[in-house]
Amino acid sequence: MKKSLSSNAFSALRWNYLGLMARSASSLIIGIVLARLLGPKPFGEVAVALLVLGLAGQVADAGFGAALVQAPELSPKQIRVSFTVQMLAALALMGLTVVAAPWVALSFHDAAIRPVLYAIAPLFVLQALGQTSTGLLKRKLAFRAVQTAQVSSYLVGYLFVGIPAAYLGWGALSLVAAQLVQALTYSAQVYLRVRHSLVPSLDRSGAALAGYGGKVTGTNLANWSISNLDNAVVGSSFGSVALGLYSRAFNLASSLGDGITGSLQQVLFSGYSRTQGRTEVLRRTYLASIAFVAVVMFPAFWSLAACGNTVMVGLFGPKWSDAAPLFVPLALAMPVHAVMGLSGPVLWATNRVQQELRLQLLTLVVAAVAFGITTRLSVVALAWAVLVVYGFRWVMSRRVLGVIGANWGDLLRVSKGAIGIAAVASLALSVTNRLLIGWGIRPAWSLCALVVMGFCVWLAGIIGAAARVLPPELVEVGARVSENLPAVVRRFIDRAAARQQYRHMGVRIPGVVAD
């Protein structure tokens, strides 16, 4: 990968993660306030509405967002076609949502869901207004603009609308109002950054985008179904309260995991699309991304799972204690889901979307069987089935290894250090959590202490055994973009590279002691 592209990709990734940290912090704080104000049932009702909108939203985009990024060349007419198709689809789906609202409420055994669906249906149009602009910004690796719009729109929607409405007793509609305001604010911001033509067009030049977008839509639908089938089964089988508990546990785990992986996926897809045909670059970048995600997520989520009750009660209060048994398997599932998700950008960028689609359809069948069996037992059993399904999905994603010339040994090599740190950290936090519970420490204070302890254990593992924990591919990527990093990080990377050279080549580096 050329230096200019590496620098651009790193800048995009940096802004993605700055946006992630800002969104995670704000959504965590705002989510805590809303959860304590509203309780599980309103969250369950809105979760049903978002299931409907999420499914239809995969169709509304029509894959044009990804097609705008992947296309080698792009004309103004193709941009107009993309916007036109997305708006027409949004209007049609808004109408279908209104028509289907009574049936959905009946299926989930909760009449309160119907007005929620009526109120949230315009979200399709508000989101479609910004989809083309977002695709164009990602094509340019302008992730700073995307992240700024996402963070600011979330704060406007939830801080200035959602929380006041919840305080005034709006219930589930407070969450709906926040969603609508957020979507409108975001779409306005990204459009003003691009200002593409709004003149409708169905020109034939959009056929190329539609062809690629159709394959992406199929894959997105399968992905969405795998990720949300569990929520649909919980809501229809156990009711809105159980869905509220489950969705809050799932969203807490997935928002942290998807934020880390999703930000990286967007940048990798854009970068891979610009380096098609360079297999060695794809292989080393893919392995570096696996190592990065593993060293962050395995220790973090294993540690969270080790003290699930303290996490849920400490954050959301005692009324959410029933969500703790659900959170444990879901937290364990997130690192597996994240590592698996990094194969998608490789297949998409190399125009192998159909391979991923076949894989996702197979996984969907396995998920349907697993959830069908476990729903006869309990919602906790279904949560453990999610972990099993994600594990199956990861194993089956091995096809990407052939595309980039890698193997399972490479994956184990770049991940084993992270797994070792995760095992030590989760054991230490589990023991400490039991001691704090025995001493009668309040869950909120215990959680604060456990977070600090977990970070210290993780940091000690990274610094103390960098040459063993960080594989050469990750150190190489770090060195390539080191001019954009703080001085202390540059020195750490240089030292890790020197230690690896000493260990693997037997070369003595002055002032460096091998791990």
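This is a predicted model: local features need pLDDT of at least 70, side-chain atom pairs count only at pLDDT 80 or more; totals for chains, interfaces and linings use all residues.
User: Why is A324 called buried?

Analyst: Its relative accessibility is 6%, and the cut-off for buried is under 20%. A324 therefore counts as buried.

User: Where does A324 sit, and what is A324 in contact with, leaving aside neighbours within four places in sequence?

Analyst: A324 is part of helix α13, which covers residues 324–341. With those neighbours set aside, A324 is in contact with G308, N309 and M312; contact here means heavy atoms within 4.5 Å. There's also a C-alpha separation of 8.9 Å between A324 and L245, a pair 79 residues apart along the chain.

User: What makes the crossing of α6 and α8 left-handed?

Analyst: A crossing gets that label if the near helix is turned anticlockwise from the far one by less than a right angle. Helix α6 (residues 123–139) and helix α8 (residues 172–194) pack at about 30 degrees, with axes 8 Å apart. The computed sense for α6 passing α8 is left-handed.

User: Which residues make that contact, and how do they split by class?

Analyst: On the α6 side they include L123, L126, L129, G130 and S133, while α8 brings, among them, L180, A183, L184, Y186 and R193. By class, the contact of α6 with α8 has 12 nonpolar, six polar and one charged residues. Arg belongs to the charged class, so R193 is charged.

User: What makes something a nonpolar core, and which residues touch the most other members in the largest one?

Analyst: Members have to be buried residues of the listed nonpolar types, joined through side-chain atoms within 4.5 Å. The largest core has 112 residues, and L34, Y246, Y286 and F371 touch the most other members. Helix α11 (residues 279–306) gives the most to this core, with 13 residues. Apart from that core lies another, of 10 residues, including F64, A66, L68 and L209.

User: What does L34 touch, not counting residues up to four places away?

Analyst: L34 touches G39, F43, Y158, G162, I163, A166 and L175.

User: How much of the whole protein counts as buried, and what is its secondary structure?

Analyst: Of 515 residues, 55% count as buried. The secondary structure comes to 22 helices and zero strands.

Terms used
Residues are numbered from 1 along each chain as its sequence is written. Side-chain values use heavy atoms; hydrogens and water are left out. Axes are lines fitted to C-alpha atoms, for helices over the stretch in contact, and angles run from 0 to 180 degrees between N-to-C directions. Helices (H or I, at least four residues) and strands (E, at least two) are DSSP runs, numbered from the N terminus. Buried means under 20% relative accessible area, exposed over 50%, partly exposed in between (1.4 Å probe, protein chains only).
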